[in-house]
Amino acid sequence: MTASAQPVATFNQSTKIFRLDGGDVSYVFGVNSRGELQQLYWGGRLGANDHFPQAEPMREWASFDSSYTTTPQEYAGWGAGLFVEPALKVTFADGNRDLVLHYESHVVTPDGFDVVLKDIQRAVFVTLHYSMDPKMGILARSATIENREAQPITIEQAAAAAWALPAGNYTLNYLTGRWAGEWTLNQETLRPGERLIESRRGSTSHQANPWFAIEAGAPDENHGEVWFGALAWSGSWRITVEKDQLDAVRVTGGFNPFDFGYVLHPGESLETPEFYGGYSPDGLGGASRILHHYEIAHILPHRMGEGDNAAPRPRPVIYNSWEATEMNVTEAGQIALAEKAAALGVDRFVMDDGWFGQRKTDHAGLGDWYVNPVKFPHGLKPLIDKVHALGMDFGLWVEPEMVNPDSDLYRKHPDWVLNFSGRPRSEERNQLVLNLARPDVRAYVFGFLDKLLTENDIAFLKWDYNRNWSEPGWDQLPPNEEKKVYVEFTRNLYGILAELKKRHPKVEFESCSGGGGRVDLGILKYADEVWPSDNTDPFDRLTQQDGFTYAYTPQIMMAWVTDSPHWLNKRSTSLEYRLLSSMQGSLGIGANITKWNDEEMATAKRLIAAYHQVQKTIVQGDEYRLISPRNGSEFSATQTVNRDKSQSVVFAFIHSTQEGRGFPRLKLMGLDPAAEYALTPIEGNAAKDTPATASGAWWMNHGLDMSDDFRGDFQAAAFRLDRK
Ligand code: GLA
């Protein structure tokens, strides 16, 4: 049987082996002689006729008769002397905390299995969902936990999935950061013990992102086996990377068990988020290319009302008013910006914070979502009409889950915020978090957004979320159930977005959270794009964009060109440099363009037009990080190749050259070696002694040389290659 004709999911009744095959990947597990579900293999695709014997549990290494804690269980309950990280931990009504999950039954689904586990005595059932993508080999896993006991149970820890790798030497890759400094790639040797990557903040967080990649041996961009995963959850989450006493590795991820406690009444069930896992033999670059394509094909919202399979389109080039006006928005001021934006060739005009309630500073207004009558005496319509007349569509900033104490909403409903009754309420940015888990708050938030979108011709909402949780109480519920807020808040967020998408199918959303604080595969099922960082400095962005692309596609990576010197670090850069830095992702303009002179307008107009021509290749192609800007490198370069290899775009940046150190020869990747490609500069005539046309083999083996004049501080060049 050829690979493509082989079914995705097969079960061998005699050996009790489950096998999933997709793309170049196989994933195998089985029921062992103790009745546990045991992982057996995850890696490169196996032969169709390869078979596994029945799984054998593994004993702990000890001088005495020991327990079986080193068995890599697919989903281990905490019980029977388990010392490694459990997937599920519960307390029963009678105080019993022993949970031993054994295989019960399964069904084959169109692209995988639903496997049911059950406690050896009690009626707690866990259905493990497996769904394998037949093309990219990415496996989506999640669990449904059901209480069929006569009494409630409390779930204290629930993972979406656990992944296992055999004993070996590995490098762990993960992303961390802070406000204005998101997306730092960390690479460290995986050592024995537990490494926690987590958010306890009620949302995804700037500080760590729910993505990991584990590489066999040392880190390598282009070679070597990589296993990676991304958790689809925008609430508090945890990924535990554990190297056990026998050097085997398991990665367990899902709801953060910290302060967790979800009461399941008889007959109720809890669904975990999805945890996606993939494999590439081609280093971190190969891993991120698979993940990018999967995100575009299966995670991001597809265009509704345009056929079921309308893939996400490249993002409109936007103008955003935030850095130009901050909250001083007025009808006349926004129209002045819109006129200049249209002259640049911008597709979408977005008015940021400041248009609603009594919003003059960040001390007031959040929660009061009426149009400020002084700033917009005739409502939003005159501005929206003008934006449309200029040939752009219109977008608006909102921060729906928040409230300022100085607002009509808070004065009316002080009980609507997350808090513990009678305790102080900590403010951040002078705001409190509405308890979106409450049905009345959910109804209010959905109601005002639905009204806003119904009454105004709005194509896009930038949905912001500018603080983390504190005092996460929910005093409407009995004390032992309050912790449900961790799940219900996020579910309601997703529910509102899903309902808005249904009611307003053409409206697109951006997930922003003071920059990149809410970027994960959960929110990306609803958000068409994200704001990676409030830091728009074009040099800082190179490293951030590099880190971002390990986990997320440039399709969603919004990048604005803003003013120079930059407000954050006072660095001065040319407009061309700023444009090229932003053109690595989804381009936007966020500068005060009313101050731009004719030359600046002409430069931006020329490069926006050039970007439009190659945008699809940049944001939806195969991305190669040719030279990473990480670790103080003087140079960086990226290349993207579109799916049929007919076009490629190369960006090259100099951070600061030293005497005698020219830009390294750039050996391109991913081209068709036999095809001829013509090289055209998009900006900066930096190539040297380079043929106008050469084979893919030439560009990949010989490479592209840069001119000796391509040097200095903060220089940039971009090229396109088109197949003849
Ligand atoms: C956050 C966002 C910014 C801007 C401001 C408005 O910081 O990340 O882009 O929208 O809020 O207050």
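The lining of the second largest cavity has six nonpolar, six polar and two charged residues (nonpolar are Ala, Val, Leu, Ile, Met, Phe, Trp, Tyr, Cys and Pro; charged are Asp, Glu, Lys and Arg; the others, Gly among them, are polar). This cavity has a volume of about 110 Å³. Of its 14 lining residues, Glu36, Gln73, Gly79, Ala80 and Leu82 come closest to the centre. On a 1 Å grid over the protein atoms alone, a cavity is a set of points where a 1.4 Å probe fits but cannot get out; a pocket is an open set with protein on both sides within 12 Å along at least five of seven lines; lining residues have an atom within 4 Å of a point. Grid points are joined across faces, edges and corners, and a volume is the space filled by probe spheres on them.

A word on the basis: this is a predicted model, where local features need pLDDT of at least 70 and side-chain atom pairs count only at pLDDT 80 or more, while totals for chains, interfaces and linings use all residues. Residues are numbered from 1 along each chain as its sequence is written, and side-chain values use heavy atoms, with hydrogens and water left out.

Helices (H or I, at least four residues) and strands (E, at least two) are DSSP runs, numbered from the N terminus. By class, the lining of the largest cavity has nine nonpolar, seven polar and three charged residues.

Six strands form an open sheet in the order S31-S32-S33-S36-S34-S35, with antiparallel pairing (two strands pair if DSSP finds at least two bridges between them). S31 and strand S35 (693–695) are the edge strands, each pairing on one side only. Neighbouring strands of this sheet are turned by 25° against each other on average, direction ignored.

Strand S34 (residues 676–683) runs antiparallel to strand S36 (residues 713–723), and six bridges join the two. Pro681 has Phe719 in S36 as its bridge partner. H8 packs on the sheet and touches S31, S32, S33 and S36, its direction making about 130° with that of S31. Contact means heavy atoms within 4.5 Å.

## Open pockets

The largest pocket has a volume of about 650 Å³. It is lined by 27 residues, of which Arg289, Ile290, His293, Asp622 and Arg643 lie nearest its centre. Strand S20 (274–280), helix H1 (283–299), helix H10 (598–620) and S31 each supply at least two lining residues, and the largest share, six residues, comes from H1. The lining of the largest pocket has twelve nonpolar, eight polar and seven charged residues.

The second largest pocket has a volume of about 570 Å³. Among its 30 lining residues, Trp179, Trp322, Arg429, Gly514 and Asp534 lie nearest the centre. By class, this lining has nine nonpolar, ten polar and eleven charged residues.

## A pair of helices

Helix H3 (residues 331–344) and helix H4 (residues 381–389) pack at an angle of about 10°, with axes 10 Å apart. H3 and H4 are therefore roughly parallel to each other. Angles run from 0 to 180 degrees between N-to-C directions, and axes are lines fitted to C-alpha atoms, for helices over the stretch in contact; under 35 degrees counts as roughly parallel, over 145 as roughly antiparallel, 65 to 115 as roughly perpendicular and the rest as oblique.

On the H3 side, Glu331, Gln334, Ile335, Ala338 and Glu339 meet Pro382, Leu383, Lys386 and Val387 in H4. This contact has five nonpolar, one polar and three charged residues.

Four strands form an open, antiparallel sheet in the order S1-S2-S3-S4. Its edge strands are S1 (9–12) and S4 (37–44), each pairing on one side only. Strand S3 (residues 25–31) pairs with S4 in the antiparallel sense over seven bridges, and Val31 has Leu37 in S4 as its bridge partner.

Most residues other than glycine have a negative phi, and most peptide bonds are trans. Ser205 has a positive phi, near 100°, and is found in the loop between strands S13 (193–199) and S14 (208–216). A cis peptide bond joins Ser564 and Pro565, with omega about -5°; Pro565 is in the loop between strand S29 (558–561) and helix H9 (575–582).
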